Amino acid sequence: MKKIVLIFAILCSTVFAGTINVAVAANVSYAINELIAEFNKTNPDTKVEVTLGSSGKFTAQIQNGAPFDVFLSADMKFPQALEKDSLTITKPVIYAQGSLAILSSKELDFKKGINIVEDSNIKKIAIANPKTAPYGRATMEAFENANLKEKIENKLVYAESISQTVTYAITATDVGFIAKSSLYDEKMSKYKENINWISVDSKLYTPIDQGVVILKRAQGNKEAKAFYDFILSKEAKDIFLKFGYLVK
């Protein structure tokens, strides 16, 4: 009898277990594993399949029928566009605010702040593509507000996503404008503030409100709703704070 009960319990857990597909902005890649681990403490039977990439590209894919249940965007513009197209079942809500940092694998004198990009020894500057990546747009806004855009445009190297920008910054360019959150990944601990990186003055760019929505495909999906609710919870906010984000 005990064996029968055990088998029944296993079958039930399999029946009610589910997988949700989540499109996640590349800048959240450093925090997502910890977020999922925390979510699974209360939702152990839900498997969260994550696809990382550019928010702009995700938006185009979703508009063309990509099978995602939840979308964590790098800004509010893209989930708002999906809501306008009637492709969401929730309104876009801010889950965190992202911020910019300047990173280099070299030891640099950052006393000049963002104006360091004018230096003659800074020949290549990595930024995320401003056409598809919110952090790229924020970087260009910072350059414009600091009256640097025309002076350094020929130095710019465009990456497809903010995570690729980090790779460029430490392997192929002199500096890169990255999501500050990436610096809180364990692998980045060797890069030190004021030696390898500094924060970009937040007055130079519009705060990066990052938005989350449940997509139309997930209508009635309780597990997708549970993950969405978790992303807006205090537990998730504490994790976002830990990874360098601002939260409201």
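I take domain bounds from an automatic or database domain assignment. The model is predicted: I need pLDDT of at least 70 for local features and 80 or more for side-chain atom pairs, while totals for chains, interfaces and linings use all residues. I number residues from 1 along each chain as its sequence is written, and side-chain values use heavy atoms, without hydrogens and water.

**Domains.** I looked up the division of the chain: domain 1 (19-97 + 208-243) and domain 2 (100-199). Their centres, over C-alpha atoms, are 26 Å apart. I find 15 residues of domain 1 in contact with 15 residues of domain 2 (contact: heavy atoms within 4.5 Å).

**Cavity.** I find 1 cavity of 30 Å³ or more (on a 1 Å grid over the protein atoms alone, a set of points where a 1.4 Å probe fits but cannot get out; lining residues have an atom within 4 Å of a point). The largest cavity has a volume of about 70 Å³, the space filled by probe spheres set on the points. Its lining includes Asn-27, Ser-54, Tyr-135 and Ile-162. I note 7 nonpolar, 5 polar and no charged residues there, with Gly counted as polar. Both domains give residues to this lining, so the largest cavity lies between them.

**Helix α9.** I checked α9 (residues 234-242): Ala-236, Lys-237, Ile-239 and Phe-240 are buried (under 20% relative accessible area, 1.4 Å probe, protein chains only). They cover an arc of only 160° around the axis, so they sit on the same side of α9. The arc uses directions from the helix axis to the C-beta atoms. Their cover includes α2 (29-42), β4 (93-98) and α8 (222-231). Gly-244 follows α9, with a positive phi near 90°.

Conventions:
1 Å grid on protein atoms, 1.4 Å probe; cavity = no way out; pocket = protein on both sides within 12 Å on 5 of 7 lines; lining within 4 Å. Buried < 20%, exposed > 50% of the residue type's maximum accessible area, 1.4 Å probe, protein only. Helix = DSSP H or I, 4+ residues; strand = E, 2+ residues; numbered from the N terminus.
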